[in-house]
Amino acid sequence: MTKDVTTEVMIGNYAIARGLVEAGLELAAAYPGTPSSEIIPGIIEFNRREKGNIHAEWSVNERCALEAAFGAASAGKKAACMMKQVGLNVAFPPLLKARRKRLKGALVIVSCDDPGPQSSQTEQDTRLLATLFGIPVFDPASPKEASDVAYTALKYSAEKHIPVILRSTHRVSHAREAVQLYSPGVRPVLPMENVSAPNVMPDTSYVPAKLGIIASGMSYSIVSDVISELGLETLVPVYKVIKMPQVKSSIPGQRLNGLEQQDENLEFDKFINNMDRILVIEETDSVLEALIDNGNKVYGRLNGYVPDAGELTYDIVRDVVERISADLEIRVSNKFMPDPLIDESLKGVQFPPRPPKLCAGCAHRASFFAMRQAFPKAIFPGDIGCYTLGISQGAVDTCLDMGSSVTMASGFYDTINQDGKSIPILASVGDSTFFHACLPPLYDAVKKQKRFVLVIMDNGTTAMTGMQPTPQTGIMADGTHGGQVLMENIIEGFGVAFLRILDPFDISHMINTIKEAEAYISKNNNGPAIIIARRECLLFSKEKYTGMFDRVAFEEECIGCKRCIKLLDCPAMFFIDEKHKISVDEGLCAECGTCSIACGIIRPEKKA
Amino acid sequence: MKLEIVCAGVGGRGVLLASTILIETAISNGHHALAADEYGMSQRGGSVVSLVKIGDFKSPLIGKENADILLAFEESEFYRNLGFLKKGGLAIVNTREDVLPAEIDNMLSTRNISYLPVKADNVAAEKNMLQASNMALLGFFSYLAVEPYNAQTIRQTIRERTRGKFLEKNLEVFDLGYAIAQDGNIRKP
């Protein structure tokens, strides 16, 4: 096709970026969120290589991202925005209106789902929302396909003048594969782009069979490998959906935008008609399953054959296919029989569990310790970020959605106050989340004098998603300088009367300040009070502050009370049962000194 | 040809670099390959698993008892992930222990799994490259010459993937890992 085709191993998110850049993208805006965060850096990288003129930015939240991209698309540009699945909720108001607007340019909304969920508060299926509201949605099954689909989606949007959604999942976004790089504008298009032909890709012929499987996204890829492992290739055809089929009967409340007659689902219907039974494997909701207008024929979530929550792993898919094959008397030539000997042999072996923990040396750990020490019986509304892990230190009680620390603290305050009680409320939120979602809630709390203490854990970056710059840094997505917005100026502007900025590693000062804040609120009948605990993320700036304290000689003086483990949950500390003492992993310890303050016995010297 | 490899270790110990070298070596030798990484929330010292599948596969995910090879960069992660290994598979494990617990040893021999321990931390320390135990393990693995991997093909990718002063040091650790397998007269599977 073209002389200069090269390949490069990349993750799915870079492949999406590549496809968009090749399709002529002109503007991209996103808020970082796992598993979508690497698309903007990918766009910036490929734009640099192509010496292009794409504007790419981090927005303060997903709604801003979608509106900026929609603005550009309305004005004739090819635009895209990116977010994780729960971010799409934040962008919901503009999405619902934008879907019915005829675009002069093009708009692809990339929404990355998180089956499991692995790194989100809820599972959520972008395809469900898109299908419900008649927005075309594409669902690639691999990194390689993701680049083709991203390319096709932007072209499709430009041709049809409507916004479209590209949904990925973490398994596609973070898988790695060799992807072909073309010059802009010449990538061979997928069959589905030809909208008069099938909008879905049949994997095998339509020979009538006892069982046919319909799958989309990574679930399709797993099904294919499972079918091949079990030796069912010639018996069970698999149908891959790349672009979700159209809704036939009208869903109550649904109005298609009227601008586009969606594609016919002829091939899809034909496949279904040719099979005695259909198994639908999809993540994470029942969308294709609900669209198949023949309930009795279908195996899926609704009749309990597919688990209704959680990731559809290789093992789960293999189990489902085997079970249904057995039901239908389809001969599985290479049946999987789990060997009980493996689990049996592991029973006597001890190895450390490794649940998610704040990093050794994380300043959030010191903040949570101080909060808990100041008011052990407080109510602790938490928020979304690394610091949700403060739950293991007993200093996070809630995790609802972005910004809910402030609004839930308000609700708790009124609840307690209404009942004539007084319980301290210590809320916590990170800096990026503060800018993303806390400003209207905070303004509301100030206006109504809600009495709670808010600790803003300002580590100078969006740590959990990979160190994207926050509005305070004045650094743009491509590393250039822009305007800087400081949170203390906003807080002062709102008229918050009690504001302190401190270093969380000065733990006794932080404990005293939290007590002072609570006393101020009670005395003045006024709130909220705010403490900014400011300390750069250890991973972001590790050279700058490791080794503040001499390594503590726990092994000698430890009395085995485990207080430090309970209060800090630090990954560098282990309890050695035989010795009945704490041991420190020197490779992980950052010498932050927090444990020495949590320990009532051992006091190290501060380094000169 | 089909090959399924599980790389397991803890964050910050080079598991992802090792799996990157494996997938790129396979691709530059003309194979289709896919990789999937599993790592939790940003955390140093957390479990990291990286799956590499080479050949005619569509998904990068590996089912229980399907992996041909388990490369464990940390002993605890060997136990956590040994359920991936198929009968007749191969485990190369960075460990300081000379003997396995008896139950594990029995299970591995019943399942005909080759277990090859390597003191990769010591190998890396010998070259003053504490963080490079992954290279020692890869060097050891390369001696077994499991298609498409051998010392030459993996070395070539390391050359492309590592830059500056660490390149030569990494290769020294790699070569030492290879030499240990060679001296130990490790049986090729």
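This is a predicted model: local features need pLDDT of at least 70, side-chain atom pairs count only at pLDDT 80 or more; totals for chains, interfaces and linings use all residues.
1. Strand E18 (residues 573-576) of chain A pairs with E19(A) in the antiparallel sense, over 4 bridges. To find the pairing yourself, look at Ile576(A), whose bridge partner in E19(A) is Lys581(A). Between the two strands of the hairpin are 4 residues, and His580(A) in the turn has a positive phi of about 55 degrees.

2. Stay with strand E19 (residues 581-584) of chain A and follow its side chains, which alternate.

3. Now turn to the open sheet of 6 strands in chain A, with parallel pairing and the order E3-E2-E4-E5-E7-E6. Its edge strands are E3 and E6 (137-138) of chain A, each of which pairs on one side only. E6(A) runs parallel to strand E7 (residues 164-169) of chain A, joined to E7(A) by 2 bridges; here Val137(A) has Ile165(A) as its bridge partner.

4. H2(A) lies across E2, E3, E4 and E5 of chain A, running at about 155 degrees to E3(A).

5. Which residues of helix H2 (residues 39-49) of chain A are buried? They include Ile39(A), Ile40(A), Pro41(A), Gly42(A) and Phe46(A). Among the elements covering the buried residues of H2(A) are helix H1 (12-22) and strand E2 (27-30) of chain A. After H2(A) comes Lys51(A), with a positive phi near 50 degrees.

Technical notes:
Residues are numbered from 1 along each chain as its sequence is written. Chains are lettered from A and ligands numbered from 1 in the order in which they are written. A residue is buried if 20 or more other C-beta atoms lie within 10 Å of its own, exposed if 12 or fewer, and partly exposed in between; C-beta atoms are placed from the backbone. Two residues are in contact if their C-beta atoms, placed from the backbone, lie within 7 Å. Two strands pair if DSSP finds at least two bridges between them. Axes are lines fitted to C-alpha atoms, for helices over the stretch in contact, and angles run from 0 to 180 degrees between N-to-C directions.
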